[in-house]
Amino acid sequence: MRKPIIPVVIMLAALLLFARVEAQDFSKETISSNYQTLSDQGQLDQFDEQIKSILKLFSSLVGSGFVNTASVHSIGGIDIGVRGVFAVIPDELQDIVKPPPNDLTDPLQDANVVPLPFFHASLGLPANLEATARFFTFPIADQPGGSITLIGGALKYGLLEDHLNTPAIALLAGYQTILVPDEYAFGTISTLSFKGFISKNFSILTLYGGGGIERTALTIDIPGVITRDYDLTYPNGTVGLRFSPLPLLQVNADFNFGEINNVAAGVSLSFR
C-alpha cells in the first residue's frame, strides 16, 4: 500500500532540486533605466513600487517552508531534507509601470511562478528549543543570470506539547541572508522572521498552521545612478498537512497566503 508513495517522493525531491525560473529581470541595466526614466517623468513612486515587488517576492519565498509541525524535537532529535517554495506572482506586481508613455521592463514582468528550493536540517536542543539551518544555491532570475545563495536559520520554542486534548504551539524567530551576483542591481538581501505555529498530530497525519511577519531589506546600489535603502514588513499566514508514508519519512505541503501566495512542499527524514 505504501510502495506507490516512494516514486512520488522521488519525483517531488527532483522537482524541488531541479526546478528552474525564467522572466525576472534584476539587472543593473534594467533597474538603472527604470530609475532614470521614471525620475525624469517625476514618477519615482512607481520605481519604489517596483523595488517593493522584489522585496515582497523574497519575503514570500524565504518566509515559507520553516516547519511541518509545531512540535519540537527531543534533545538530539534531527530532521534533514529538501523543501521548496513556489511563489505565484499576481498580475499587479508583474505590470507596475503602465504604458504609454513608458515602455519599461518591470522586475517581475511575465514571472508567473518563481521557485526556491533549499536543503534544511533541524536539531532538538534543551529547554524546548529546536534550531534549524537552511542552505541552497539557485538561479533565481533570467536576467542578469547567475545564482543566488540562501543561508539562514531559525530557533523554534515549544510553548505547548501535542497531547490527547491539546495541540502543539510554538514560536519561531529566524534570520536569512540571500547573497546575489555583482551583476544584480541590489546587494545582499536580509530577512527577519517572527512567527507562531499550531499543529495537531493524527497518527500518520499532522495538520498545522500559523502566521507572522517577515522584515526584508535590501540596498539598490548602482554607482553614479542610485544608492537607496529599502525595507518592507510583510505579513503572511500558513495552513498545511504533513504525511508519514513510511517510518521516519515525512512528506508535507502547505499553502502560504500573503500579497504573494505560494505553495511549499518538502521531503525529510525525521528522528524525533
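Is Lys200 buried or exposed? Lys200 is buried, with a relative accessible area of 18%; buried means under 20% relative accessible area, exposed over 50%, and partly exposed in between, with a 1.4 Å probe and protein chains only. The model is predicted, so local features need pLDDT of at least 70 and side-chain atom pairs count only at pLDDT 80 or more, while totals for chains, interfaces and linings use all residues. Residues are numbered from 1 along each chain as its sequence is written, and side-chain values use heavy atoms, with hydrogens and water left out.

**Salt bridges**

The whole structure contains 7 salt bridges, each a side-chain nitrogen of Lys or Arg within 4 Å of a carboxyl oxygen of Asp or Glu. Three of them are listed here.

| Pair | N to O distance |
|---|---|
| Arg228 and Asp48 | 3.1 Å |
| Lys156 and Glu130 | 3.7 Å |
| Asp162 and Lys200 | 3.0 Å |

The bridge between Asp162 and Lys200 joins the loop between E4 and E5 to strand E6 (residues 189-202), across 38 residues. Asp162 is partly exposed at 23% relative accessibility. Lys156 and Glu130 form a salt bridge that ties strand E4 to strand E3 (residues 129-138), parts 26 residues apart in sequence. Both Lys156 and Glu130 are buried. Arg228 and Asp48 link strand E8 to helix H3 over 180 residues. Arg228 is partly exposed at 28%, and Asp48 is partly exposed at 22%.

Helices (H or I, at least four residues) and strands (E, at least two) are DSSP runs numbered from the N terminus. H2 (residues 28-40) has 13 residues and reaches 18 Å from first to last C-alpha, close to the 18 Å expected; the expected span is 1.5 Å times one less than the number of residues. Its buried residues are Thr30, Ile31, Ser32, Asn34, Tyr35 and Leu38. These pack against helix H3 (44-62), strand E7 (205-222) and strand E8 (226-246), contact meaning heavy atoms within 4.5 Å. After H2 comes Gly42, with a positive phi near 65 degrees.

**Pocket and cavities**

On a 1 Å grid over the protein atoms alone, a cavity is a set of points where a 1.4 Å probe fits but cannot get out; a pocket is an open set with protein on both sides within 12 Å along at least five of seven lines, and lining residues have an atom within 4 Å of a point. Grid points are joined across faces, edges and corners, and a volume is the space filled by probe spheres set on the points.

The largest pocket holds about 200 Å³. Its lining has 14 residues, and Asp162 is among those nearest the centre. E4 gives the most, with 3 residues.

There are 3 cavities of 30 Å³ or more. The largest has a volume of about 90 Å³, and Glu130 and Lys156 are among the lining residues nearest its centre.
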